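The sequence and the structure are shown below.

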Amino acid sequence: MAGITDRPFRKLAERFGAGMVVSEMIASNALAVGNHEMARKLGRPSTLPHMVQLAGCEAEWMDRGARIAQDAGADIIDINFGCPAKRVTNGYSGSALMRVPDHAMTLIDAVVSATPLPVTVKMRLGWDDDSLNAPEMARRAVNAGAKMITVHGRTRQQFYKGIARWELVRAVVEAVDVPVVVNGDILDLATAREALEQSGAAAVMLGRGAQGRPWAVGQIGAGLSGQPSQAAPQGHELTALVAEHYEDMLVEYGTAVGLRAARKHLDWYMQAAGLTLDKSTRNRFLNSETPADVLRQIDSIFSSEQRAAA
């Protein structure tokens, strides 16, 4: 979720009742040498415990990254063994670490030794269907000091294809004595309940299911706990939220980068709202280089009248 669960997005998820939010994946080597973009990702969104996710393949950089994150206000350090992106796995980080368990454990050892903060691990079922080693990886991670395990119900080789196999996460739950979180294809209360039933996990995590719907995490959490949830924003409330998110991204990244970084979120908001624009209008909206023009179009596109017309 690099470039997606940034501070502006997490702030909105918190507002709508998310129980926990996690930073974008932060490259430990870049953070350790003072990369401005990685340091920006350390920003705390609001009041929830600040969970920072680190990725890397070298113990030295993971050690230094964890110390920097702690100094920046992190409350929890999450280690990424799950990202399937080629640019990450080609560097022997993310889910590539599922193929080298001994080396992966040195990274957990380094982070646990570097900071007194709780350390958690996010992983996949394995590299492929011939190596579904998440239970053993989780067991070893807990022995090395991990306090929670999150499992995406796909292998790395599946990327995001097919369906998440929540039932295979149950073996991880049975292998460890710390909370296990199930992730993958969770979109609403019904899929959350089914994922928990099949996996036996203690909690669910949303990733892509929250794109364009930062309120979904809190809604699902409330539903699972039997509490009333905030309604999804509509009409003028949705218009105001999208505009706020857009403007916050301009502040977060600076105008030049922010207006480009915001495009995917604007597109996801339209998809979530069920809005279908003609090609010309859509291109004009998403490719505008003028913030004031984008804000005017947000007001028009997300108004209740436009939603009714769509």
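How many cavities of 30 Å³ or more does a search of the whole structure find? The search finds one. The model examined here is a predicted one.

**The cavity**

Rolling a probe the size of a water molecule over the atoms shows where empty space is left. The largest cavity has a volume of about 40 Å³. Its lining consists of Tyr246, Leu259, Arg263, Leu266, Phe285, Leu286, Ser288 and Val294.

**The fold as a whole**

The protein contains 16 helices and seven strands. Its radius of gyration is 20 Å, close to the 19 Å that the globule rule gives for 310 residues, so the protein is as compact as a globular protein of that length. Along the principal axes, the C-alpha atoms fill a box of roughly 55 × 45 × 35 Å. Buried residues make up 53% of the 310. Among contacts with a separation of 6 or more, 67% join residues 24 or more positions apart.

| Residue | Strand | Relative accessible area |
|---|---|---|
| Thr120 | E4 (residues 119–124) | 5% |
| Val151 | E5 (residues 148–152) | 0% |

Is Thr120 buried or exposed? Thr120 counts as buried because its relative accessible area is 5%, where the cut-off for a buried residue is under 20%. The side chain of Thr120 makes a polar contact of 2.5 Å with the side chain of Asp78.

Which residues does Val151 contact, leaving aside neighbours within four places in sequence? They are Met123, Arg124, Leu125, Val169, Val172, Val180, Val181, Val182 and Asn183. Of these partners, Met123 and Arg124 fall within the residue range of strand E4, the strand in which Thr120 is placed. Between Val151 and Trp166, which lie 15 residues apart along the chain, the C-alpha separation is 9.0 Å.

Key:
Residues are numbered from 1 along each chain as its sequence is written. This is a predicted model: local features need pLDDT of at least 70, side-chain atom pairs count only at pLDDT 80 or more; totals for chains, interfaces and linings use all residues. Side-chain values use heavy atoms; hydrogens and water are left out. Helices (H or I, at least four residues) and strands (E, at least two) are DSSP runs, numbered from the N terminus. Buried means under 20% relative accessible area, exposed over 50%, partly exposed in between (1.4 Å probe, protein chains only). A polar contact is a pair of N or O atoms within 3.5 Å; within protein, one must be able to donate a hydrogen and the other to accept it, and residues adjacent in sequence count only if both atoms are side-chain atoms. On a 1 Å grid over the protein atoms alone, a cavity is a set of points where a 1.4 Å probe fits but cannot get out, and a pocket is an open set with protein on both sides within 12 Å along at least five of seven lines; lining residues have an atom within 4 Å of a point. Grid points are joined across faces, edges and corners, and a volume is the space filled by probe spheres set on the points. The radius of gyration is taken over C-alpha atoms; the globule rule is 2.2 Å times the number of residues to the power 0.38. Contact means heavy atoms within 4.5 Å.
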